[in-house]
Amino acid sequence: MSWASELPPELLCRPVGLVVLTGLDTTYNAVHKAVWDAFCNNRRPDRVPLHFRALELDHVYPKAKPKRTSYEWYIPKGILKTGWMKKHQNEVPAVVVIFFDLDWDDPMWKERQMECSTRVEIVRNSLQGRGTKIAVVLLQKSAPLPPGEDQGAAERASSFCSACDISAKSLYVLPQTDHLLGFTIRLENAFYELAQSYHHMEARKVKSHKDFLNRTTHQLLFVRHQFKTAFFNELKQDTHTAIKHYKQAYGHILEQRMHDTNMLEIKTIAGFVNYKICRLSFQHNVPLDAIAQFRKHIDFFKNRVGIPELAFEHSAWMSRQFQLFGDLFDEAIKLGLTAIQTQHPGFYYQQAANHAIFRKQLCHGLCVDQEKQPNAAILEGLEHLDFYGQRSWRQGHQSIEPPDPQKEKEGIIALQALERKVDHCWIIIPLLSSAVAQFRKYKSPRMKRYLMVQMGEEYFHAKDFSKALMLLNKVTWDYRMEQWWPLLTSILETSLKCAYLTARVQEYVANCMELICKNSQCSLDTKTRIQMNLLQVLSHEGPSSEPGLDQKCMEQAIKAWSEFKAKPHVFTIEMQGLIPFIECKARFVGETVPADGEVHLEVCFRVTCPLPVRFSKLRIQLSNPRYQQNCELTDVRGTNAASASREESDSDDLHLEPGKPRLYQFSFLPVKEDVGGQIDISSVTLEMGMESGCCAVLRWMGAGGESLIGPAPVVGPSKKLPAGQTFDWALFKVNPIIRVTPRKALLQLSVDHQSPCLINEFYTMTVTATNTENTSIHNAKLSLGLQTDQEGYDATTHICSSSPEFDGTVQGEPVKLDLGTVKKGDKVTKQFFVKCLQSGNRSLSVKVEYTVDVKQGQHAVSCQCVKEEVVTLPAVAPFEVSLLLQSLKFEALEAVHAEEPFLLMTDIRCTSPWPVDIKTSSVTLSEYIKTASDVFDSQVEGVQLNKTECASECLWLVAASCIQPSVAMGTYTIHWRRQGEDTPYVSTSFPLPTVNIEHIPISVHLQLPAFGRVKTLLPLTYVIRNRTAYVQELEINMESTDNFMFSGNKQTRFRVLPAEEYRLLYNFFPLVAGQVALPRLHVNMLRYPGTMDDLIYSMLPSHIFIRPVGKSLQMPT
């Protein structure tokens, strides 16, 4: 970077006030060391912005200049002195603090007071003429008392201030307690206020000079005074006032008279002020103001070059301006500013790099070698100028014309010589790197690639060829994909030079292959030269040098290439990632091939380079390595070296001519493990060169094609081309996969069964296999099972052979039977049994696998054949069973009474399309339900049912007492099989309903004859049983009716002991005949209030049949 474009460090940092601490012995006094550490170490961002320095008491500060009373005859020599900012930041303090060990009760108070006042006077004398604030801090061992309580301390403080001639606000006490940091923070806050007061007064002093200035001779002072005022306000931390004065200073700069002799100084100070304005604008969170200021700054100065012979200084200054603004922009983003894709620091870094590149070009054009040695002494003091931006040989000169033209010329020559020593590449590369990082961050891939290409070229100019090659290799892939052929060609040419100069064989060969292809924009002569170099390298010889290279670098490259010849080099180049000079397509002929058929494979090549090419070996890698020996071809220059399976052709070598496609054909028989699968083309490799020297293995993954630079290759079925026939390259279809299908089985397979299958039965399936092959078959295996897509039925379908057996474990896997060897024309019959536990349609696969020997030409091929039949088997339920609970009066029940009998009615309806034999039925009852008799006799035993026929059964049951509100009754099971089958009987169970058991306190039964006669005595007995554990008192009432006369208690009350019975006897005398309603008996229990008529009515019969009185028949006389 040019010396004039650099910004001083005191301008780049944040200005803070300087506070000098004196009187601290940090080396030998531990208390003083602790005080110093509290002020300086671990300063958090929330503490006041101050800069502390520890100096000796007698330190000599910069002397103050005498105050100027008039500017009438004053001619400024420059705008801003080089040491002014550094002086007010690091040398002239805003506050000097004198630390002194003194307690209020010190016995030698007078002597110590005099000593301290002497120290104050020494400091005051060293700062004579300056407005620096002086403060005294007394280090005391004991903590002070609250204000107003220690009168002696107040009196001594007053006398101390008088003795030292300081105000009471400048005297502080720092006790040596555990809370030292807290007292220190309070002290530095007080120092900060003093420093602000000092900087405010200094700014006012500078502003007061404005009234003495005139526009004619003091233009430079307007800029200087505004800059100083702004800087003092920055030190005061009043940034809003500071930016106002910086903007005024910048306005005065633009009003200056500009000519070649002062242009550098004006641009330098303008750069300073612009930097301050932009930095404070970002700090105030107004980025648009910063961007507008920077654009204004650049637009004004971009064409103000200055001395034409030193135009590179202007480019360096412009580059530095863009870089600094990019740094400010990036820093603001890190602090929370949001940037967008069209406005971010990357654009400014890019422009900085562009100006640096232009600076290098100007240097090469302007800074020519001189015959005589330039005068280096004229540049002495270049780093120690009085004013920023001035020339060392004419400092302080402000006239339009240089005072000494000869010295001016010598100075220009010396600066040009100094510029020639600058390595511009290492200035440009970091700028480009910063720009790349920004464009990558904001998702601008094309700009990022463009800048990476520039970086690669700069690394090339910087002679770092390895990094240049690495960067260029990263971007070439994208330019290949987007088909930017001119850009790609230019990048590849630079990469080729880097590969040559670093003797990287693989990269050199790959770049040569791309530069001689049809898409390369190189001339034919250049392509021919590059191809000749490629052939030289593959012949294990060093290539010829590339044009336009540095002689010294070429000598090193020749030495590196000589080492290349010492040992063999074999490397692989992936062709899918390149735009090479040779194109490849491969295909299988056809989409499928039977297991006893021949696989035909075709590979086609075409070269687009200027000269013919000969390759050494062709190899096609397939998914199964056992075919490898049949898919290789070695070039023996005219000798037929093809495998025996490859057809003879008129071109057995690997010599390819430009623009003429060449076809190579291979054939082989599929192996047994690939039957039922597929064969893939894994890769196609073509070797160029010899393995004993230099050999490049060109590899295309899959079947090749032009997928990188064009549309995807056409994939589809194809026909075999006759050997030697010409063909259209574009119509050659890529086909990387061929399926190997099993040989068609010449076997008859029949399945005999009677559908549908009934759930739970052993369904018989008879399979017959007939060998219709021309020879015997071996290793025959017969299997029957569910198809693979029938996973849901695995747990509900049981398959067995030989005999129908089922132990509760479902065997869902296919059942396989070994048939061994079956001679020609023989039949084999096997029987299977299928048990379906659920309804639904099942797909059963009946499969025969066998091996047969087939002759293919002179070879005998053992083929695995499969014959498969799929049988759809529907499974249906054999019965529909309805279960109904009824009372003894055949009325439907919702709940049953404990210890009271009830009826279970079963209705069996046959839904099977085939007749069904029912062997018997059974019932499994729970512990709370039992039958009325100890032995259960099936009422449907031996019944045969056809479709839609029904059978019914009635069971007399009694519920026992239990505490459970509801009880599952059990299951009802039917034992059956299909009629006419000799398979075992199977059982189908149905769950009985869940009933609610109700507990009743009494039960009432009526004992009466089956019928009565009119006007004939009818005795009835009501039996009332107490089912509780308590004595029950009952009240009964017999209704009157017109149908009967009766004798007995019409209304009575009695007691029934627990678990005992009470009998009521009545004699009824029927008056009418027919189905006559009995009188209703009302029973009330005094312990259970409320009527029990509904309960009693459900227990008793309601009617009885009464016969009429018979009449005697008399014969007429």
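Predicted model: local features only at pLDDT ≥ 70, side-chain atom pairs only at ≥ 80, totals over all residues.
Local features were taken only at pLDDT of at least 70 and side-chain atom pairs only at pLDDT 80 or more, whereas totals for chains, interfaces and linings use all residues. Residues are numbered from 1 along each chain as its sequence is written, and side-chain values use heavy atoms, with hydrogens and water left out.

The largest nonpolar core holds 150 residues. A nonpolar core is here a set of buried Ala, Val, Leu, Ile, Met, Phe, Trp, Tyr and Cys residues joined through side-chain atoms within 4.5 Å. Buried means under 20% relative accessible area, exposed means over 50%, and partly exposed lies in between (1.4 Å probe, protein chains only). F581, I582 and F605 touch the most other members of the largest core. Its largest share, ten residues, comes from helix 9 (residues 263-283). Helices (H or I, at least four residues) and strands (E, at least two) are DSSP runs, numbered from the N terminus. A second, separate core has 34 residues, among them L749, L786, C836 and V848. In soluble globular proteins, nonpolar side chains tend to be buried together.

Helix 17 covers residues 485-502. The expected span of a helix is 1.5 Å times one less than its number of residues. The buried residues of helix 17 are W485, L488, T489, I491, L492, T494, S495, L496, C498, A499, Y500 and L501. An α-helix has 3.6 residues a turn, so residues three or four places apart point the same way. A503 follows helix 17 and has a positive phi, near 55 degrees.

A cavity is a set of points where a 1.4 Å probe fits but cannot get out. A pocket is an open set with protein on both sides within 12 Å along at least five of seven lines. Lining residues have an atom within 4 Å of a point. Grid points are joined across faces, edges and corners, and a volume is the space filled by probe spheres set on the points.

The largest pocket contains about 1,100 Å³ of space. It is lined by 32 residues, of which K65, P66, W84, H209 and K228 are the closest to its centre. Helix 3 (84-90), helix 6 (180-208) and helix 7 (219-235) each give two or more residues to this lining. Helix 7 gives the most, with five residues. By class, the lining has 13 nonpolar, six polar and 13 charged residues. Ala, Val, Leu, Ile, Met, Phe, Trp, Tyr, Cys and Pro count as nonpolar, Asp, Glu, Lys and Arg as charged, and the others, Gly among them, as polar. T229 is also found in helix 7. T229 is buried, with a relative accessible area of 2%. Not counting residues up to four places away in sequence, T229 touches A203, V206, K207 and H245.

Eight cavities of 30 Å³ or more were counted. The second largest cavity has a volume of about 80 Å³. Its lining includes D260, M263, K267, H314, W317 and R391. Helix 9 and helix 11 (311-334) each supply at least two of the lining residues. This lining divides into six nonpolar, two polar and four charged residues.

Several loops carry backbone features. The peptide bond from S755 to P756 is cis, with omega near 5 degrees. P756 is in the loop between strand 19 (747-752) and strand 20 (757-758). N285 is not a glycine, yet has a positive phi of about 65 degrees. N285 sits in the loop between helix 9 and helix 10 (287-301) and is exposed, at 57% relative accessibility. H540, also not a glycine, has a positive phi of about 65 degrees. H540 lies in the loop between helix 19 and helix 20 and is buried, at 15% relative accessible area.

N779 is found in strand 22 (residues 777-786). N779 is partly exposed, with a relative accessible area of 48%. Leaving aside neighbours within four places in sequence, N779 is in contact with G820, E849, Y850 and T851. N779 and G365 are 414 residues apart in sequence and 90 Å apart in space, C-alpha to C-alpha.

Notes:
1 Å grid on protein atoms, 1.4 Å probe; cavity = no way out; pocket = protein on both sides within 12 Å on 5 of 7 lines; lining within 4 Å. Contact = heavy atoms within 4.5 Å.
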